[in-house]
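Subject: Structure handover

Hi,

Here is the structure I said I would pass on. Have a look at it first, and then read my notes below.

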Amino acid sequence: AVERFNRMSTELANERTLLAWVRTCLAAIRTAVGYLGLAAYGAPWELTVLFAQWAMVALVVVAAAAGASRYYRLKAVLEQKVPPLNFGRISLRPLNALVFIASVATAAGIFADQWHRGG
């Protein structure tokens, strides 16, 4: 009974983690849509807007894929009687890189005061 309760508790934690991934994707979608309304004052600064827009779109796709993949892999492991020591979770480094790229592009445009609303 204790083992079953522990597995159920872990499964519920896994579901909460998936919901956190979904919430992160929705926030990134909101930000990506907000970036669509931005423009830059000069040609070099247009690249920062473009990088920020594409990084946010890529962030949504990567976060959705990573969250679902991690959820289903862990779910499959939890269904096994004896879980393996290593079950091949994917790395979050690409997601972290996208967050960094979007942040740098956004910071560059904002601090240089070269972005404005308009499209």
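Before the notes, one definition: buried means under 20% relative accessible area, exposed means over 50%, and partly exposed is in between, with a 1.4 Å probe and protein chains only. By that rule Glu 11 is buried, because its relative accessible area is 16%.

Two bits of housekeeping. This is a predicted model, so local features need pLDDT of at least 70 and side-chain atom pairs count only at pLDDT 80 or more, while totals for chains, interfaces and linings use all residues. Residues are numbered from 1 along each chain as its sequence is written, and side-chain values use heavy atoms, with hydrogens and water left out.

Back to Glu 11, then. This residue sits in helix 1; helices (H or I, at least four residues) and strands (E, at least two) are DSSP runs, numbered from the N terminus. Contact below means heavy atoms within 4.5 Å. Setting aside residues up to four places away in sequence, Glu 11 touches Tyr 71, Lys 75 and Leu 78.

Now the helix packing. Two packed helices are described by the angle between their axes and the distance between the axes. The axes here are lines fitted to C-alpha atoms, for helices over the stretch in contact, and the angles run from 0 to 180 degrees between N-to-C directions. As for the words, angles under 35 degrees count as roughly parallel, over 145 as roughly antiparallel, 65 to 115 as roughly perpendicular and the rest as oblique.

Helix 1 and helix 2 pack at an angle of about 170°, and their axes are 9 Å apart. That makes helix 1 roughly antiparallel to helix 2. Sorted by class, the residues of this contact between helix 1 and helix 2 are 20 nonpolar, five polar and five charged. For the classes, Ala, Val, Leu, Ile, Met, Phe, Trp, Tyr, Cys and Pro count as nonpolar, Asp, Glu, Lys and Arg as charged, and the others, Gly among them, as polar.

Helix 2 (residues 43–78) also packs with helix 3 (residues 93–111), at an angle of about 155° and with the axes 8 Å apart. That makes helix 2 roughly antiparallel to helix 3. The crossing of these two, helix 2 and helix 3, is left-handed (the near helix is turned anticlockwise from the far one by less than a right angle; clockwise would be right-handed). Residues making the contact include Trp 45, Phe 51, Met 56 and Val 62 of helix 2, and Leu 95, Val 99, Ile 101 and Gly 109 of helix 3. The contact of helix 2 with helix 3 has 16 nonpolar, three polar and no charged residues.

What about the core? A nonpolar core is a set of buried Ala, Val, Leu, Ile, Met, Phe, Trp, Tyr and Cys residues joined through side-chain atoms within 4.5 Å. The largest nonpolar core has 20 residues, and Met 56, Leu 59 and Trp 115 touch the most other members. Helix 1 (2–35), strand 1 (38–40), helix 2 and helix 3 each supply at least two residues of this core, with helix 2 giving the most, eight residues. Apart from its neighbours within four places in sequence, Met 56 is in contact with Ala 28, Thr 31, Ala 32, Tyr 35 and Ala 102.

Val 49 touches Leu 38, Ala 39, Ala 40 and Trp 115, not counting residues up to four places away in sequence. From Val 49 to Val 99 it is 50 residues in sequence and 15 Å in space, C-alpha to C-alpha.

Also in helix 2 is Ala 65, which is partly exposed at a relative accessible area of 48%. Ala 65 and Trp 21 are 44 residues apart in sequence, and 9.6 Å apart C-alpha to C-alpha.

Finally, two loop residues. Lys 81 lies in the loop between helix 2 and helix 3 and is exposed, with a relative accessible area of 66%. Lys 81 touches Glu 3 and Arg 7, again not counting residues up to four places away in sequence. Asp 113 is in the loop between helix 3 and strand 2 (115–117). Asp 113 has a positive phi of about 55° although it is not a glycine, and it is exposed, with a relative accessible area of 57%.

Cheers
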